[in-house]
Amino acid sequence: MRLNNKFTGWYLLVMLVVLLIGGAIVYYEIQWKIGSVEVARHQRLNDLIAQQIRTGGNYADHPTRKRATVTLIPEDSVPANLSSFYTRGTGWNPEYQANEYRLVVTSFYQINGRTYRVSTYSFIPSFGQLLPGVVDSFKWILLLLLVLVGISGRLISKYILAPFKHTLRVIESFELKQKQTLRLPPTRTDEFRQLNSFLQRMTDKALEDYQSLKEFTENASHELQTPTAIIRGKLELLMESDIRDDQAVLIAEMQNALEKLSRIHSSLTLLTKLENYEYQDQEPICFSQSAKEALDSFEELIEMKALILTTRMEKDVFLPMPSSLADLLLNNLVSNAIRHNQPGGMINVQLSRAGLVISNTGMPPETPTDELFERFKKGNPGSDSIGIGLAIVRQICDLHGFPIVYEFRDGRHILAVSFIQSVAASKLLQNVDRSLYTEA
Amino acid sequence: MMKILIIEDHLELARNIQDFLAREGYVCELCHTADAAREKLALFRYDCVLLDIGLPDGNGILLLDNIRSEDPQCNVLIISAKNALDDKIKGLEKGADDYLTKPFHLAELHARIRAIYRRKNLEGANIVRFHEISLNTDTLEARVGDRLLDTTRKEFDLLLYFLVNKNRVLSRQSIAAHLWGDYTDNLANFDFVYQHVKNLRRKINSAGGTDYISTVYGLGYKLKET
């Protein structure tokens, strides 16, 4: 829901409540005012009649007596502490021959030692008669407010929120890689100014961090690779000198460790690079082609391990990712499927527009399959690998928003990558299961 | 005899390279800064320049222009610890012949230098010989005497690697890196190296060739004169 709609909505709700209460107040105020004016008028009329009685004479046809009743009453029937009272209610109107809402004012007078009760009445609008008028006028007010608030809400919010929207646009187009600081327009609104300066500080910090991280990665890579290269070179030279067998074994072990060190290092550097990689719009590449090439390059290894490779690959699966990352993804997945296989086992590769599923036979993993995506986690702790291949795979998938899942079932390792962000990778497994067993 | 200029700021690494290549009969000169390199390039002619990108007094890529203007025929191999793709592309665009990422195996470096050399010098240089074994690097044909060997691409690469680095111990790591490149967390499964070497030896034997490849205990393999 848009901000201004929210504001308008709440504003209208408050207005509705105010109008309801206001309507009631107005209604009762009018009612009371009409009543009090009428009562005052009748009291004056009653006073006038009393004056006439005091002077004596016949006033029976006088206009003041038209709606008046004058009664002589015993002195003790005068209510205590009361000189006048009024009542309201429906009464018979002889002029219209109908019941109407009537106000009766009764006053008591002591004239020449006698007590008179004078009551006069008139017809006033009843509650029911006033109500439709009040409701009607408030209906119109409400309608007018609705229209005005609706229109002005839209216009005003457009004006007030303009700097906010601008900020949003600027942030959306902000990219760390471009190394450009955020440029936000000045605004007079305090909150927006606060927001802008916060964003400015945050992005500046992020830029700085990004830069230093990048520098660190590059420096680390440079500074560590060179000594490794030196050691490796020395070992190679040593290897060619006249050495005994037991020395050769020592050298070989050093070389193994060195190899591992250099591989861990370059993998970590790569992971860091991937983590700082910003996904940019990318020309789609033919993933089918990449997959075919990856499988071809491992053909000999597959043969050597006497593995049976079955594939079902759709042609022309295009994905918007850099081809270097596609190769890395495929190489890691396929080499895993080969390495963790058993001699004479099988590898099944299925590629479609929905995703990629690679399954292979192999020993059950000793760690839960989910954890194998983490760095330095290995299914088999004794193995030669450094346990970073799947971390790289997941990083690449995360970058492109591909869900990925790894399962072990019925003696098969199944790794599924969904190419559609909204479709869970496990969905692919359901489709695969059937075909897997019909083919096998 | 090849003359090689090694532009590398790490003394030890430069000396490694020098030691290794000296045994091949190459003449190597060392320099550790871009300035020194400019001077040498202006005064002497080299067949090949090994160029480190990260030099204390400037980016090595800038030196490429110098090299190209002094001697367009000179081969340039960039050796860099920066495995940054843009550096690689920039270097190759600027006229470098190859790009090797540290840490590399010296045998690999040698194989690369030979490969560049073969590409540039066409007069019969595409044939690599060792006794009765000859490899044609253009057609990728391996022969023992007159008999054509039925080798796969990997086996051919392996044999070429042996021939170029003859009389040297080649570690299994070095062979694996040469054959499969530097895939991250790659298949450093030395069984594969063993398999390839075994197949290769079998093929050479059955073609009537001498088995020059021998196992060096604990370390790897060696192609040597019997």
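## Helix 8 of chain A

In this predicted model, 14 of the 17 residues that make up helix 8 of chain A are buried, so the helix is largely enclosed by the rest of the structure. From its first C-alpha to its last, helix 8 of chain A reaches 24 Å, which is close to the 24 Å expected for its 17 residues at 1.5 Å a residue.

## Strand 8 of chain A and its partners

Strand 8 of chain A pairs in the parallel sense with strand 6 of chain A, residues 308-313, and six bridges are found between the two. One place to look for this pairing is Asn348(A) in strand 8 of chain A, which is the bridge partner of Thr310(A).

Strand 8 of chain A also pairs with strand 9 of chain A, residues 355-361, but here the two strands run antiparallel and are joined by five bridges. In this pairing, Leu351(A) stands opposite Leu356(A), which belongs to strand 9 of chain A. Strand 8 and strand 9 of chain A form a hairpin, with three residues lying between them.

## Where chain A meets chain B

Between the two chains, 42 residues of chain A are in contact with 34 residues of chain B. On the side of chain A that touches chain B, at least two residues each are supplied by helix 4 (190-239), helix 5 (245-275), helix 7 (299-304), helix 8 (323-339) and helix 9 (389-400) of chain A. Helix 4 of chain A gives the most to this side, with 14 residues. When the residues on the side of chain A that touches chain B are sorted by class, there are 16 nonpolar, 15 polar and eleven charged ones.

## Chain B as a whole

The secondary structure of chain B comes to eight helices and 14 strands. Of the 226 residues in chain B, 42% are buried. If one takes the contacts in chain B between residues at least 6 apart in sequence, 57% of them join residues that are at least 24 apart.

## Two packed helices in chain B

Two packed helices are described by the angle between their axes and by the distance between the axes. Helix 2 of chain B (residues 34-43) and helix 3 of chain B (residues 60-70) pack at an angle of about 10°, and their axes are 10 Å apart. Because angles under 35 degrees count as roughly parallel, helix 2 and helix 3 of chain B are roughly parallel to each other.

In this contact, Ala34(B), Ala37(B), Arg38(B), Leu41(B) and Ala42(B) of helix 2 meet Gly60(B), Leu63(B), Asn66(B), Ile67(B) and Glu70(B) of helix 3. By class, the contact of helix 2 with helix 3 of chain B has six nonpolar, two polar and two charged residues.

## A three-stranded sheet in chain B

Chain B also contains an open sheet of three strands, in the order 12-14-13, with antiparallel pairing. Strand 12 (169-171) and strand 13 (213-216) of chain B stand at the edges and have a single partner strand each, so one side of each is left without a neighbour in the sheet. From one strand to the next, the twist of this sheet averages 35°. Strand 12 of chain B is joined to strand 14 of chain B (residues 220-223) by three bridges, and these two strands run antiparallel. Here Leu170(B) stands opposite Tyr221(B), which lies in strand 14 of chain B.

Conventions
Residues numbered from 1 in each chain as written. Chains lettered and ligands numbered in written order. Predicted model: local features only at pLDDT ≥ 70, side-chain atom pairs only at ≥ 80, totals over all residues. Contact = placed C-beta atoms within 7 Å. Helix = DSSP H or I, 4+ residues; strand = E, 2+ residues; numbered from the N terminus. Nonpolar A, V, L, I, M, F, W, Y, C, P; charged D, E, K, R; others polar. Expected span 1.5 Å × (residues − 1). Buried ≥ 20, exposed ≤ 12 C-beta atoms within 10 Å, placed from the backbone. Pairing = 2+ DSSP bridges. Axes fitted to C-alpha atoms, helices over the stretch in contact; angles between N-to-C directions. Parallel < 35°, antiparallel > 145°, perpendicular 65-115°, else oblique.
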